[in-house]
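Colleague: Hi! I'm new to this one, could you walk me through it?
Modeller: Happy to, here it is.

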Amino acid sequence: MKPFLFRNGAVHPFGIPLSHSWAAVGAILMAIQEYKIRTFIELGFEHGGLASIMAVRSRLLLFAYVGVDTNPRTDSDVHELMADSSLAHFVFGDVFSVDIIDYVKRQLVFSNYPKMIYCDNGDKPKELRTYAPLLSPGDLIGAHDLDHEYTYDDIKDIPDLERIEAEWLEDTRIVLFRKV
Ligand SMILES: C[S@@+](CC[C@H](N)C(=O)[O-])C[C@H]1O[C@@H](n2cnc3c(N)ncnc32)[C@H](O)[C@@H]1O
């Protein structure tokens, strides 16, 4: 069995479940740190565990978070955290609908700082293909569940993306790209 840091499952950084390993949570935070991300968009937030981290970050720093989900399973704790931050919010809808794609496009033009889209719904290759074209050079796009739900071969032809290979991504299920 994998050491607990690398085991995928429910972890609760702020008491709200998050469906990643601790190493994957660390990798997402490292991507934000290393690439100076100021806007983080999560496609599929479910219980809101990752949203809870981003909501706290957005209260402390100039940092915006948007979570999108069709059918979330959030409880009041995460809604309270989100309500305390004017730069963090949830949107309800299908990530492949024109309305949500347009909404995300509008969020991306608000700032000239680097942005990151994180794909974690039911069809990650389709999310990567749909959302990568919206990004500007220097922005990041990542997805969970590489080699579990899809392989690198399924996504390596997406134009204008350069794969990020970093020590902190090792032993996670995250694939991360930088838009060139
Ligand atoms: C694996 S969970 C997300 C886990 C969350 N990112 C985390 O780190 O804890 C997947 C979520 O994607 C949502 N989802 C699936 N298909 C979707 C779609 N087409 N549009 C929006 N959300 C979708 C589901 O409702 C579910 O809550």
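Colleague: Which elements each supply at least two residues of the shell around the ligand?
Modeller: Strand S2 (18-20), helix H2 (49-60) and strand S4 (64-69) do. Helices (H or I, at least four residues) and strands (E, at least two) are DSSP runs, numbered from the N terminus. Please keep in mind that this is a predicted model: local features need pLDDT of at least 70, side-chain atom pairs count only at pLDDT 80 or more, and totals for chains, interfaces and linings use all residues. Residues are numbered from 1 along each chain as its sequence is written.

Colleague: Which element gives the most to that shell?
Modeller: That is S2, with three residues.

Colleague: And which residues come nearest to the ligand?
Modeller: Gly44, Glu46, Val95, Asp120 and Asn121, out of the 21 residues around the ligand. A residue is near a molecule or strand if its C-beta atom, placed from the backbone, lies within 6 Å of it.

Colleague: How do the shell residues divide into nonpolar, polar and charged?
Modeller: Seven are nonpolar, nine polar and five charged. Here Ala, Val, Leu, Ile, Met, Phe, Trp, Tyr, Cys and Pro count as nonpolar, Asp, Glu, Lys and Arg as charged, and the others, Gly among them, as polar.

Colleague: Now the sheet. In what order do the strands come?
Modeller: The order is S5-S4-S3-S6-S7-S9-S8, seven strands in an open sheet with mixed pairing. Two strands pair if DSSP finds at least two bridges between them. From one strand to the next, the twist averages 20°.

Colleague: What packs on the sheet?
Modeller: H2 does, touching strand S3 (39-43), S4 and S5. The direction of H2 makes about 155° with that of S4. Axes are lines fitted to C-alpha atoms, for helices over the stretch in contact, and angles run from 0 to 180 degrees between N-to-C directions. As for contact, two residues have it if their C-beta atoms, placed from the backbone, lie within 7 Å.

Colleague: Let's take S6. Are its residues buried or exposed?
Modeller: In strand S6 (residues 115-119), five of the five residues are buried, so the strand is largely enclosed by the rest of the structure. Buried means that 20 or more other C-beta atoms lie within 10 Å of a residue's own; with 12 or fewer it is exposed, and in between partly exposed, with C-beta atoms placed from the backbone. Lys115, Ile117 and Cys119 point one way from S6, while Met116 and Tyr118 point the other way.

Colleague: How many bridges does S6 make with S3?
Modeller: Five, in the parallel sense. Within S6, isoleucine 117 stands opposite isoleucine 41. S6 also runs parallel to S7, joined by four bridges, and there cysteine 119 stands opposite alanine 143.

Colleague: Which strand pairs with S7 in the antiparallel sense?
Modeller: Strand S9 (residues 175-179) pairs that way with strand S7 (residues 140-143), over four bridges. Isoleucine 141 has phenylalanine 177 in S9 as its bridge partner.

Colleague: What about S4, how many of its residues are buried?
Modeller: Six of its six, so to speak from the count, S4 is mostly covered. Ala64, Val66 and Val68 are on one side and Tyr65, Gly67 and Asp69 on the other. Which residues of H3 are buried?
Modeller: In helix H3 (residues 76-83) they are Val78, Leu81 and Met82. Those three cover an arc of only 100° around the axis, which puts them on the same side of H3. The arc is that of the directions from the helix axis to the C-beta atoms. Ser76, Glu80 and Ala83 are exposed on the other side of H3. The cover over the buried residues of H3 includes H2 and S5.

Colleague: Last one: where is lysine 36 found?
Modeller: Lysine 36 is in the loop between helix H1 (22-34) and S3. Its phi is positive, about 55°, although it is not a glycine. Lysine 36 counts as exposed because it has 9 C-beta neighbours inside 10 Å.
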